Amino acid sequence: QVQLVESGGGLVQPGGSLRLSCAASESIASINVMGWYRQAPGKDRELVASITITGLTNYADSVKARFTISRDTAKNAVYLQMNSLKPEDTAVYYCNAFPIPAAWGQGTQVTVSS
């Protein structure tokens, strides 16, 4: 089963930007939809962005126009560019297949605070 490793999180001020990366242990070419999920303390994990193998993207309303998902199948990687970050974006971010996820990675913590 594919293993996923997320990176790029950190502490950023409101209005700042971060770029998250997700490295897969094997080819993601056969995975039609890859997504970025997040889980804030005390809340359920939610899908915030997804991208198909053909490059079609979809975003949760809460991040639309601020986040951009991309994938590089040749590098077995998925990325999430996050701009205009808000305190409510604070969460652990994970990448995984959608709608049936593989084993979850450790995620990467994003904290938006002044």
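Two strands pair if DSSP finds at least two bridges between them. Keep that in mind for the exercises below, which work through a predicted model.

**Exercise 1. Work out which residue in E6 is the bridge partner of Ile51, and how E5 and E6 run.**

Step 1: Find the strands. E5 covers residues 46-52, and E6 covers residues 57-59.

Step 2: Check the pairing. Three bridges join E5 to E6, and the two run antiparallel.

Step 3: Pick out the partner. Ile51 has Thr57 as its bridge partner in E6.

Step 4: Look at the turn. This hairpin has four residues between its strands, and Gly55 takes a positive phi near 95°.

**Exercise 2. Go to the other neighbour of E5 and describe how E4 and E5 pair.**

Step 1: E4 takes in residues 33-39. E4 and E5 pair in the antiparallel sense, with six bridges.

Step 2: Now the connection. E4 and E5 form a hairpin with six residues between them, and in that turn Gly42 has a positive phi of about 75°.

**Exercise 3. Is Ser50 buried or exposed, and what does Ser50 touch?**

Step 1: Ser50 is found in strand E5, where five of the seven residues are buried.

Step 2: Apply the cut-off. Buried means under 20% relative accessible area. Ser50 comes in at 10%, so Ser50 counts as buried.

Step 3: List the contacts, leaving out residues up to four places away in sequence. Ser50 touches Val33, Met34 and Gly35, along with Leu56, Thr57, Asn58 and Ile69.

**Exercise 4. Find the disulfide and say which parts of the chain it ties together.**

Step 1: Searching the whole structure turns up one disulfide. Cys22 and Cys95 are the two ends, with an S to S distance of 1.7 Å.

Step 2: Cys22 sits in strand E3 (residues 18-24) and Cys95 in strand E9 (residues 91-97), so the bond ties together parts 73 residues apart in sequence.

Step 3: Check the burial. Cys22 is buried at a relative accessible area of 2%, and Cys95 is buried at 0%.

**Exercise 5. Name the residues that touch the most other members of the largest nonpolar core.**

Step 1: This core has 31 residues, and those touching the most other members are Met34, Trp36, Ile69, Leu80, Met82 and Tyr93.

Step 2: See which elements contribute. Those giving two or more residues are E3, E4, E5, E7 (67-72), E8 (77-82), E9 and E10.

Step 3: In soluble globular proteins, nonpolar side chains tend to be buried together.

Methods. Residues are numbered from 1 along each chain as its sequence is written. This is a predicted model: local features need pLDDT of at least 70, side-chain atom pairs count only at pLDDT 80 or more; totals for chains, interfaces and linings use all residues. Side-chain values use heavy atoms; hydrogens and water are left out. A disulfide is a pair of cysteine sulfur atoms within 2.5 Å. Buried means under 20% relative accessible area, exposed over 50%, partly exposed in between (1.4 Å probe, protein chains only). A nonpolar core is a set of buried Ala, Val, Leu, Ile, Met, Phe, Trp, Tyr and Cys residues joined through side-chain atoms within 4.5 Å. Contact means heavy atoms within 4.5 Å.
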